[in-house]
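Let's take a friendly walk through this model, starting with the ligand and moving on to a pair of helices.

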Amino acid sequence: MDSNLHTTPDTIKVLAHQQYDAPDALSPTTVLPNPLDQFRAWFTAAQGVVHEPEAMAVSTATPSGIPSSRILLLKQVDTRGFVFYTNYESRKSRELAANPHAALVFFWREVHRQVRILGRVERVTAEESEEYFRSRPVGSRVGAWASRQSTVVGEGDLQKNVEDVRERFGVKEGAVDADIPLPEFWGGWRVIPSEIEFWAGKPSRLHDRVRYILKEGASDESPEWTIERLSP
Ligand SMILES: Cc1cc2nc3c(=O)[nH]c(=O)nc-3n(C[C@H](O)[C@H](O)[C@H](O)COP(=O)(O)O)c2cc1C
C-alpha cells in the first residue's frame with residue numbers, strides 16, 4: 001500500500017508532503033524586464049527536461065462567471081502572446097466568444113516551476129491557422145474535420161465520420177500527406193497577456209513568486225510592466 005495515501009471505501013486522503021526547491025532564486029530585481037522574454041528563457045530551459053512543457057491548463061468562463069479548464073498545447077509564443085489551436089465551436093471557443101478572457105497555467109514539476117498567464121483573447125488570422133493546420137500530420141487534419149468537439153457523440157460515430165472525411169478528401173490508407181483544407185470551424189486563439197506570474201518552488205512552502213502586470217497606457221509596441229514579489 002502507498003504510505004502517502006490513506007484510503008477508506010469513501011475517502012482518499014493524500015498524506016504526501018512533497019518538497020519543492022527550484023535551482024535558482026527568483027527575484028523582481030533579477031528577472032528580465034519583459035515577461036515574454038522571461039517565459040522564453042524558462043520554456044527553453046524546460047525543453048528536454050520537462051515532458052511536454054507545452055502542455056498547459058486553459059481556463060475559460062461563461063459571461064456569468066462559471067469557469068471550466070482543460071489541458072491544451074501551446075503552439076506559438078511571440079511578442080503578441082500565447083497561441084493554441086482548437087475547434088471554434090467547442091465549449092472553450094463558445095465561452096471565449098462570449099467572454100474573451102482566458103487564464104493559462106504551466107506546471108513544470110521537474111524544475112519546480114509554475115507560470116500563470118491572464119489575458120484577453122483574439123482569434124489568430126485564417127492565414128496563421130492555415131499555416132499551422134497544414135503542418136499537422138494527416139491523421140490530425142482528418143480528425144479536426146471528423147470531430148464536432150464537445151458535442152455528445154454516438155458509439156462508433158467518430159470512426160464513421162473519419163471514414164467519410166477520408167473519402168471526401170481522397171485520403172488513401174497509410175497516406176502520409178493529402179490535400180485537406182482548413183475547416184472554417186477550426187483555428188487558433190491568441191491570449192494577449194496582461195498579467196504573468198512566475199513561481200519557483202522553495203522548501204517549506206516559502207516559494208518565490210514574481211508577478212508582472214501590464215501598465216495601462218503603454219503602447220503595444222513597447223509595453224511596460226510593473227514587477228513585484230508576491231507572498232507565497
Ligand atoms: C496533453 C493534452 C493536450 C491537448 N491538446 C489539445 C489542443 O491543443 N487542442 C484541443 O482542442 N484539445 C486538446 N486537448 C483536449 C482538451 O483537453 C479538451 O478535451 C478539448 O479541447 C475539449 O475541450 P472543451 O470541451 O472544453 O472545449 C488536449 C488534451 C491533453 C490531455
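To sort residues by class, Ala, Val, Leu, Ile, Met, Phe, Trp, Tyr, Cys and Pro count as nonpolar, Asp, Glu, Lys and Arg as charged, and the others, Gly among them, as polar. By that scheme, the shell around the ligand is made up of six nonpolar, six polar and three charged residues.

Keep in mind that this is a predicted model. Its protein chain has a mean pLDDT of 96, with 100% of the residues at 70 or more. Confidence is lowest in strand β1 (residues 5–8), where the mean is 95, and highest in strand β3 (residues 55–61), at 99.

**Around the ligand**

The ligand is surrounded by 15 residues, and the closest are T86, S90, R91, K92 and S150. Which element gives the most to this shell? That is β4, with five residues. The elements below each supply at least two residues of the shell.

| Element | Residues |
|---|---|
| β4 | 67–73 |
| β6 | 81–87 |
| α2 | 91–98 |

**Where two helices cross**

Now turn to helix α4 (residues 138–146) and helix α5 (residues 157–168), whose axes come within 9 Å and cross at roughly 115 degrees. Angles of 65 to 115 degrees count as roughly perpendicular, so α4 and α5 are roughly perpendicular to each other. Their crossing is right-handed.

Which residues meet there? From α4 come V142, W145 and A146, and they meet L158, N161, V162, V165 and R166 of α5. Sorted by class, this contact of α4 with α5 has six nonpolar residues, one polar and one charged.

Technical notes: Residues are numbered from 1 along each chain as its sequence is written. This is a predicted model: local features need pLDDT of at least 70, side-chain atom pairs count only at pLDDT 80 or more; totals for chains, interfaces and linings use all residues. A residue is near a molecule or strand if its C-beta atom, placed from the backbone, lies within 6 Å of it. Helices (H or I, at least four residues) and strands (E, at least two) are DSSP runs, numbered from the N terminus. pLDDT is the predictor's confidence in each residue, from 0 to 100. Axes are lines fitted to C-alpha atoms, for helices over the stretch in contact, and angles run from 0 to 180 degrees between N-to-C directions. Angles under 35 degrees count as roughly parallel, over 145 as roughly antiparallel, 65 to 115 as roughly perpendicular and the rest as oblique. A crossing is left-handed if the near helix is turned anticlockwise from the far one by less than a right angle, and right-handed if clockwise. Two residues are in contact if their C-beta atoms, placed from the backbone, lie within 7 Å.
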